[in-house]
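Subject: Handover of a structure, with notes on what was found

Dear colleague,

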Amino acid sequence: MTQCWRLDTISQSVILQSNNNQLPSVIYWGSKLPDSENITDLALCTVHDLNCGTLDAVADLSVAPLHSATYPGQPGLTIKDRQGQTLWLNLCFDREQLTDTDDTSELTLHFIDKALAISYQLIIIADRQTNMFVFQSKVSSENPIVIDWLAAPVLPAPHNSQHCIEFSGRWCGEFQMQQVPWHTGIRMRECLLGRTSHEHFPGVILPCTGTTNSHGYAFGLHYGWSGGHKMLAEELADGRRLIQFGHATANHSEPVTSAESAPLYATFSATGLNGLAKTFQQHLRQRIVKFPATEKLRPVHYNCWEAVYFDHDTSVLFDIAQKAAEAGAERFVLDDGWFINRNDDTTSLGDWFIDEQKYPQGLAPLISHVHSLNMGFGLWFEPEMISIDSDLYRQHPQWLLGPAEQQQGRQQLVLDLSQPAVCDYLFERLSHFLTQYDIEYIKWDHNRVLPIVDHKQTIALYRLLDKLRTAHPNVEIESCSSGGGRVDFGILKRTHRIWLSDSNDALERFWMQHNAALFFPGEITGSHIGPAHCHTSGRQLPLAFRAWVAASRHMGMEMDPRELSDSDIALIKKVTNWYKTNREWLHSGYILRLDSDDDAVLGELQIAADDSRFVAFIAQMTVSNQVLPKPIRLTGLEHDVRYEIALYNREQSAQTSRGNPALKSNKLTLSGRVLMDRGIQLPVAFPATLWVIEGKRI
Ligand code: GLA
């Protein structure tokens, strides 16, 4: 007997098929099929022949291929009994549930192994508003079981594809894209670091052959989890390809009676990688990030970290706040160094009490000053951590995560959040500050990897964040983890901004932002104007470049504003004013990546949700090989519509620019066809120039 299920979003379909009550397989995922598609024939057309030298049946590439089906690849579900024996599962169809709302269809398929009293659920949400599929799998058992691996679930990968695009990274170098060719066998990315990590962002793109940013077919997946995670991309020896994500192997080391994967966000695009980016950005905006009811337009931040580090002197901070406000800041974030004895990064994490030597009258005078400058106030915490040299550790050494003898990271250890007393303490301490002071924002940091990988830590963190948000619903939270070590849809369900990287080097930041935009929209991606001499790269970059790179996301500043001349302040003001005038449409629009024909140039186009206007940010990253700038081809426009375009910062042409490309002095009116197919000529630019091209639909 064959059963089929069909789910559609706006432009995609997923078809599942189950034979003889066994776990179903995704037999189609791609562009939306005609309503009249004959699903029975579709199912028949996916049936494989059988060759010699194989088993007598081709094992299904199901949503959770099982050992017991003699499946020839990595299983999608491995369960052991308490004695460590792998269980020979026979999961059979039990029932289905379909719930429809205006925007979504949610299908849950239940399978059960009656003999072992184990059940498996596959949940698929087809989100018609955001064009996303969200998959999740769950297992429950009457008796405690050990879950070695639970895929969320297994999905087929395209054959007309040469490689996967993965994301790797490091501190100050997040979101590095790498192409990994398909070969027979498995490609595994496992993050055992206990956080999302700089090293292994839990997302992958499967582009079909020839796909670019703007054209072609691609599949995108993101596992929305902030703990250890694993991805397997596999080409079976028989040629079939698949992809699976789940929690890291060691996550469920103890017997449990239920377990679930995190949501797997999956989308297909027929319009290149930008189609994926649009869906991820939109889904995050509409379904994941929940701003407080009192949501403001994303205020320009000032963060004092790279200005003062641990050296908090209130008169200096008063001065800095004043200058930051003059330059256009609307929120002042007091970073690390404000709590008791925290004079460097070797002590005091956990002691969330004000340092009365630095702040004899508490934080009230600074907060009032900040408010008098019409800025909101934000405060840095690193709640999950503990220093050996802290009162907290002296009082509660047993609150540590992992063994007492372990490698420290940034001279610190981690608290075991699964102990209720730990979270009670943290809730009380943070609540105390949020109640006593008018604080609208927390920068929530997490500066080391975990000594052990355990999903309990992540779940307890989510609970703590949820509890704090319920108690203080108007407070926004930024997710920072030595920069972008915890950037994912799981944490963003509870937070509102990501500190993408500790690198304020605008050249580095630009490409990181550019790559992260495949998943994350501008309004939640923090970006700051750093000091003239970048502290993490040693580079010196022009202020205009630093300012525009910051303005292209959720803008902020982090330099010591006392280093700024009057003309610097005027320049920053001009850019912050531009940001303030445009943020509303930018932060409800989409970031699309341009296909650049010059390796020295990286560009993106941010288009309003109603397509009425756009801005293109084109960065000259290094010196081009050729003497003349190559045309820049825009994207995401309508071919037959005419647009008026103007170069906003034309004064930034290189001193060597002595010709007269039209945009140097004029506006132009051109069709989308010309802008996207022929491309436009920009003036000669020195490296570290960010062109700002504004466009309006006529
Ligand atoms: C981490 C963060 C920085 C800063 C410091 C403070 O490194 O990424 O932005 O907050 O901690 O110690």
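In sorting residues by class, Ala, Val, Leu, Ile, Met, Phe, Trp, Tyr, Cys and Pro count as nonpolar, Asp, Glu, Lys and Arg as charged, and the others, Gly among them, as polar. This is a predicted model, in which local features need pLDDT of at least 70 and side-chain atom pairs count only at pLDDT 80 or more, while totals for chains, interfaces and linings use all residues. Residues are numbered from 1 along each chain as its sequence is written, and side-chain values use heavy atoms, with hydrogens and water left out.

Pockets

A pocket here is found on a 1 Å grid over the protein atoms alone, as an open set of points where a 1.4 Å probe fits, with protein on both sides within 12 Å along at least five of seven lines, and lining residues have an atom within 4 Å of a point. Grid points are joined across faces, edges and corners, and a volume is the space filled by probe spheres set on the points. Helices (H or I, at least four residues) and strands (E, at least two) are DSSP runs, numbered from the N terminus.

The largest pocket has a volume of about 890 Å³, and among its 31 lining residues Val 26, Ile 27, Thr 46, His 48 and Arg 240 lie nearest its centre. Its lining divides into 19 nonpolar, nine polar and three charged residues, and the largest share, seven residues, comes from β3.

The second largest pocket, with a volume of about 700 Å³, is lined by 29 residues, of which Ser 214, Thr 271, Asn 274, Lys 278 and Gly 636 lie nearest its centre. Two or more residues of this lining come from each of β18 (264–269), α2 (272–288) and α13 (672–678), with α2 giving the most, five residues. By class, the lining of the second largest pocket holds eight nonpolar, 16 polar and five charged residues.

Salt bridges

A search of the whole structure finds 37 salt bridges, each being a side-chain nitrogen of Lys or Arg within 4 Å of a carboxyl oxygen of Asp or Glu. In one of them Asp 148 joins Lys 80, with the closest N and O atoms 2.9 Å apart; this pair links distant parts of the chain, since Asp 148 lies in strand β8 (residues 132–150) and Lys 80 in strand β4 (residues 77–80), 68 residues apart.

For accessibility, buried means under 20% relative accessible area, exposed over 50%, and partly exposed in between (1.4 Å probe, protein chains only). Arg 240, already named at the largest pocket, meets Asp 238 in a salt bridge of 3.0 Å, N to O; Arg 240 is buried at 10%, whereas Asp 238 is partly exposed at 45%. Arg 539 and Asp 505 also form a salt bridge, at 2.8 Å, where Arg 539 is partly exposed at 32% and Asp 505 is buried at 0%.

Strand β13

Seven of the eight residues of strand β13 (residues 200–207) are buried, so this strand is largely enclosed by the rest of the structure. Two strands pair if DSSP finds at least two bridges between them. Three bridges join β13 to strand β10 (residues 163–170), the two running antiparallel, and Glu 166 stands opposite Val 204 in β13. Strand β14 (residues 218–223) is joined to β13 by five bridges, also antiparallel, and there His 222 is the bridge partner of Gly 203.

With best wishes
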